[in-house]
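Colleague: I should like to learn how to read helix packing and chain contacts from a model. May we go through an example together?

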Amino acid sequence: MKYAYYPGCSLHSTAREFDKSFRAVCKILGVELVEIENWVCCGAAGAHGVSKLLATALPMTSLALLAEMGMDEVIVPCAECFNKLKTAQHSVKADKKLRRDVVKAIHKDCNEEAKVIHPLTIFAEEPLISKIPTLVKRDLSGLKVVSYYGCLLTRPPKITQFDIAENPVSMDKVLKAIGITSLDWSHKTICCGGSFALSKPDLAVNLSHKIIEDAKAVGADAIAAACPMCHANLDTRQCDMEKAFGTHPQMPILYITQLMGYSFGLSPEELLLDKHLTDAESILKKVTKPGEAALSVANEVK
Amino acid sequence: MTEPIQIDEKGARLSDAVAAAGGIDVSHCYQCGKCSTGCPLAHEMDLKPTQLMHAIQLGLKDVVYNSKTMWLCASCHTCSAHCPQDVDIAEVMDTVKIMMMREKKTPKVPEVLKLSKCFVQNLKWFGRMYEMGLVGMLKLRTGKFTQDMEMGMKMLKKGKFNLLPRFTGARAVRKIIKRVRKLEMS
């Protein structure tokens, strides 16, 4: 399996651990990644409120580079980038004038047919979903995790076409495949307020707090995430939650690829587990069963 | 007593202007209210998303432009996903913001527009997001120098930020932004 790779700005900075763990997991799974050279920012949360043309032109610039590579499938782990690339493709298909303007702005043709894929989609489908349990080296069956999908992967459903918008299950499938207990909860796709993280942090703290509270209510040890905005909000804002609501939630937030990598036997350093502001390492160490136990997971699935 | 709503010819064209600027026809909204029940920030808004749609339908431009609602939209698209009439409400929120910006109107929640402007400026300079630069620019524009300092220092210590920008693709992005501005003016 070979895909072009669009990391996006966050995975090169604040979400470095997502990039590193994703690459490591892909290597183990036999998924080859070729990073698009000279990709540019997708416009993220900033461009769409200022100019639709700009918000469409930026993703199209990177997708044009994909076409120049002679590839037509790009894998995008950042939910924000995934959403913006998909939205741009949808916009130029729906609006001919916009398409013409984008071509004029980027001096390249629009690549609206390229397949923009989120890694969860390929992880949760054959052949990888059957392969994953065979690679498990650490028994994490004592760990209870909720899958947090957020907005950007699931909505608008007609554009993202990701999983089941109201009740996505792909991350839960992956968690189960690595032997982790995935819990059902009501905040899978509720907004964390990511777009207000810098401009109106009080709103983001309030919304993120609700999500963490629900995860606690169902008895989760940690939250699995697949979006750098969600991760940043849920992880780094826990001190602010303490100030606003009295108690520090102490809820570890991990990227799904970090959990996968850890179950595959990678070290905390290889997964940059120490990058989080809320400690996420101790819980993994605490629940990991020592010795041969790990092999039983693989055997059980077989 | 109920006050009569003044609808003049100019105002009645507001929904047309929204459709022209963003491609979404607000007239399809039949006021079921599903957008507002699902909105995670409805409690912060002065007009619920349903009411904002109604105000656009009625052409009440002042009511729309003086509302906080679109500036407090998190673009989570829950409203658009729930709408039985397939009105992309979140897109309408963006459209109104863009229209206000073009007409140089002052937003009720200025921080949001300031962030968007800093964001685009950041891309123009660096091509890819340079977080330290963005935060610095935003602090200069809003004057909120101490906000999030503690968290920022912790993130810095964890090595979450790139200390220096990289300028990859900066030239290409600068040219694109320039051409976009030109195309939008014409």
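Colleague: How many residues does the contact take from chain B and from chain A?

Modeller: Please note that this is a predicted model. In general, the size of an interface is often given as the accessible area lost when the parts come together. Here one may count residues instead: chain B gives 47 residues to the contact and chain A gives 44 residues. On the side of chain B that touches chain A, at least two residues each come from α5 (78–82), α6, α7, α8 (131–142), α9 (149–157) and α10 of chain B. The largest share, eight residues, is that of α10(B). By class, this side of chain B holds 23 nonpolar, twelve polar and twelve charged residues.

Colleague: At what angle do helix α7 and helix α10 of chain B pack?

Modeller: Two packed helices are described by the angle between their axes and the distance between the axes. For α7 (residues 110–126) and α10 (residues 170–185) of chain B, the angle is about 130° and the axes are 6 Å apart. These two helices, α7(B) and α10(B), are therefore oblique to each other. On the α7(B) side the contact involves B:Val120, B:Leu123, B:Lys124, B:Trp125 and B:Phe126, which meet B:Ala170, B:Val173, B:Arg174 and B:Ile177 of α10(B). Seven of these residues are nonpolar, none is polar and two are charged.

Colleague: Which residues of α11(A) and α13(A) meet?

Modeller: A:Pro201, A:Val205 and A:His209 of α11(A) meet A:Asp240, A:Met241, A:Ala244 and A:Phe245 of α13(A). That contact has five nonpolar residues, one polar and one charged. Helix α11 (residues 201–217) and helix α13 (residues 238–245) of chain A pack at about 90°, with axes 10 Å apart; α11(A) and α13(A) are therefore roughly perpendicular to each other.

Colleague: Which residues are buried in helix α1 of chain B?

Modeller: In α1 (residues 14–22) of chain B, the buried residues are B:Leu14, B:Ser15, B:Val18 and B:Gly22. Viewed down the axis of α1(B), they fall within an arc of 100°, so they line one face of the helix. Their packing partners are α4 (52–68) of chain A and, in chain B, α3 (49–58), α4 (61–65) and α6 (89–102). Just after α1(B), B:Gly23 has a positive phi of about 80°.

Colleague: How many of the 16 residues of α5(A) are buried?

Modeller: The number is 13 of the 16, so α5(A) is largely enclosed by the rest of the structure. At 1.5 Å a residue, α5 (residues 79–94) of chain A should span 22 Å, which agrees with its end C-alpha atoms being 22 Å apart.

Conventions:
Residues are numbered from 1 along each chain as its sequence is written. Chains are lettered from A and ligands numbered from 1 in the order in which they are written. This is a predicted model: local features need pLDDT of at least 70, side-chain atom pairs count only at pLDDT 80 or more; totals for chains, interfaces and linings use all residues. A residue is buried if 20 or more other C-beta atoms lie within 10 Å of its own, exposed if 12 or fewer, and partly exposed in between; C-beta atoms are placed from the backbone. Helices (H or I, at least four residues) and strands (E, at least two) are DSSP runs, numbered from the N terminus. The arc is that of the directions from the helix axis to the C-beta atoms. Two residues are in contact if their C-beta atoms, placed from the backbone, lie within 7 Å. The expected span of a helix is 1.5 Å times one less than its number of residues. Axes are lines fitted to C-alpha atoms, for helices over the stretch in contact, and angles run from 0 to 180 degrees between N-to-C directions. Angles under 35 degrees count as roughly parallel, over 145 as roughly antiparallel, 65 to 115 as roughly perpendicular and the rest as oblique. Ala, Val, Leu, Ile, Met, Phe, Trp, Tyr, Cys and Pro count as nonpolar, Asp, Glu, Lys and Arg as charged, and the others, Gly among them, as polar.
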